[in-house]
Amino acid sequence: MSTARLYNITKTLLSYGLDELIPKHKVPWFGKIARGSLFWLRNQHKEKPAGLRLRLALQELGPVWIKFGQMLSTRRDLLPHDIALELAFLQDQVQPFEGELAQKIIEKALEINDISELFSEFSQTPLASASIAQVHTAKLIDEQSIEQDVVIKVIRPNIYEQINADLALMEKLAKVLAKVHNESKRLRPVEVVKEYKKTLLDELDLMREGANGIQLKRNFEGSDSLYIPSVYSDYSRSNVLVMERIYGIPVSDTDALMAQNTNMKLLAERGVEVFFTQVFRDSFFHADMHPGNIFVSREHPENPMYIGIDCGIVGTLSKEDKRYLAENFIAFFNRDYRQVAQLHVDSGWVPPDTSIEEFEFAIRTVCEPIFNKPLAEISFGHVLVNLFNTARRFNMQVQPQLVLLQKTLLYVEGLGRQLYPQLDLWKTAKPFLEDWVKQQVGPLSVLKQMYANLPFWAEKMPELPDLIYQNLKRAPHIQLQEQKVSHKPLILSLFGSATMIMATLCYLQHDLIAASLAISLSAISFIAAWRSA
């Protein structure tokens, strides 16, 4: 199956003449020999422009390749204008399948004889068609017999077999690459493909997408920045999802946004803020933010709001990942390249024997030119190439858990470039990240953590006197061979910890006098323990 698929991929790419897009001087000698040996596979679409040929080839290859084209479509700084425009059609204008077949899939999934049992109207003409599924409009008759404007998302038929074949091929190629390529340890192709496979298969489960949408909607409840449509879970299944229909302007339609006098600067800034809020506040971010999934509300153009759909791919980060990323971003914003280099070593991204001085100089060489310039003048594609070369030089390893975040950052940059090219991405993000770091290490963060642990402390509080007594009872029997150990610091520390817990409980009960007294005793106990150590 994988061999046949590999041949089919090669045949498709060559039949659309995509090999001709590579400059001849960039093709190695063995590549020229391999191309010549496939003499029967010629360009069958010479009359079509390059962008159209690329789009049709990716569309023919299926969802895995369409996803790749979607990401490329947001990088207009890396692609010629005509190719970027063609790839943009992959976002929501992929060739649809028959509407009658979609209706049958819906009826089977919802276990109804006819779609009119639940929907007073259903359009067999799809509203949009994407790589994984397509969307139809309908009117849902809810439990109160009220009609609701909805859209129904339907997974494409027979898509699982095609995706599994491509993923199996990618896994085999990744294993081969890991064995033969001298940079495989750094690039970690097997782990990256494994992460991509999990993400893609998760996207095929529309119940998961519905749950993601509910979570994101809850996270931004009452927000002026982002709106997530409601999900009708009772009428959704793994291959069918029913959602509230929204009426917004596609974020890529800048002409329509300008026509209604949208505040483009504020819109672009809010895009950055929404992204960082999802990542650092919620640890739960929409990871498929290409323009086909983002709309802008028609209401209040002076105070624009994003509308996000298609929550099939979301990313999560651990506390360690967030802390590491935030500190790196802030160090970059402050041009503290030595701190960036040190953080990379401390996190294990580069080997511990890496020269901090050399790494710092290399990072400065890549990043210094991008500051103090508007977004329109920054070639992030060029910066990424330089950073990749730097990573290769210092054996930096690819982190699979951050692949989604990296992809989303590309989308955010692409949107920012389209909406407001003069956006100062760094100036917008820096205050947000600095506030987040302060919240993580400041007194308020300590109180929040203590509050979160209160149920555990309250449960263990009655046991503290017994624990102290048992430690004191065992103390005479625990001695070093040549010196007597003083247990005074231990006793004082235990007392200090107990009084700190009491102070927290009193504070939460609004007994400020008792809380002040307890925290004073705790501080005195810790100081005495430190001086006795």
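**Note on strand pairing and helix packing in a predicted model**

1. E3 and E4 form a hairpin in which 5 residues lie between the two strands, and Ser145 in the turn has a positive phi of about 60 degrees. Strand E3 covers residues 133–141 and strand E4 residues 147–155; they pair in the antiparallel sense over 9 bridges. Two strands are taken to pair if DSSP finds at least two bridges between them. Across this pairing, Lys139 stands opposite Asp149 in E4.

2. The model is predicted, so local features need pLDDT of at least 70 and side-chain atom pairs count only at pLDDT 80 or more, while totals for chains, interfaces and linings use all residues. Residues are numbered from 1 along each chain as its sequence is written, and side-chain values use heavy atoms, with hydrogens and water left out. Helices (H or I, at least four residues) and strands (E, at least two) are DSSP runs numbered from the N terminus.

3. Overall, the protein has 23 helices and 11 strands. Of its 533 residues, 45% count as buried, where buried means under 20% relative accessible area, exposed over 50% and partly exposed in between (1.4 Å probe, protein chains only). Among contacts between residues at least 6 apart in sequence, 71% join residues at least 24 apart; contact means heavy atoms within 4.5 Å.

4. E4 also pairs with strand E6 (residues 240–244), in the antiparallel sense and over 5 bridges. In this pairing Val151 stands opposite Met243 in E6.

5. An open sheet of 4 strands has the order E5-E10-E9-E7, and its pairing is mixed. Strands E5 (226–227) and E7 (248–250) stand at the edges with a single partner strand each, so one side of each is left without a neighbour in the sheet. Strand E9 (residues 294–297) and strand E10 (residues 306–308) pair in the antiparallel sense over 3 bridges, with Phe295 opposite Ile307 in E10. Helix H12 (residues 264–282) lies across E5, E9 and E10 and runs at about 45 degrees to E10.

6. Helix H13 (residues 319–333) packs with helix H14 (residues 337–347) at an angle of about 160 degrees, their axes being 8 Å apart. Axes are lines fitted to C-alpha atoms, for helices over the stretch in contact, and angles run from 0 to 180 degrees between N-to-C directions. H13 and H14 are therefore roughly antiparallel to each other; angles under 35 degrees count as roughly parallel, over 145 as roughly antiparallel, 65 to 115 as roughly perpendicular and the rest as oblique. The contact is made by Tyr324, Glu327, Asn328, Ala331 and Phe332 of H13 and Tyr337, Gln339, Val340, Leu343, His344 and Ser347 of H14.

7. H14 packs with helix H15 (residues 356–367) at an angle of about 120 degrees, again with the axes 8 Å apart. H14 and H15 are therefore oblique to each other. Residues in this contact include Tyr337, Val340, Ala341, His344 and Val345 of H14 and Ile356, Phe359, Ile363 and Cys367 of H15.

8. Within H14, Tyr337, Val340, Ala341, Leu343, His344 and Val345 are buried. What covers the buried residues of H14 includes H13 and H15. Just after H14, Gly348 takes a positive phi of about 85 degrees.
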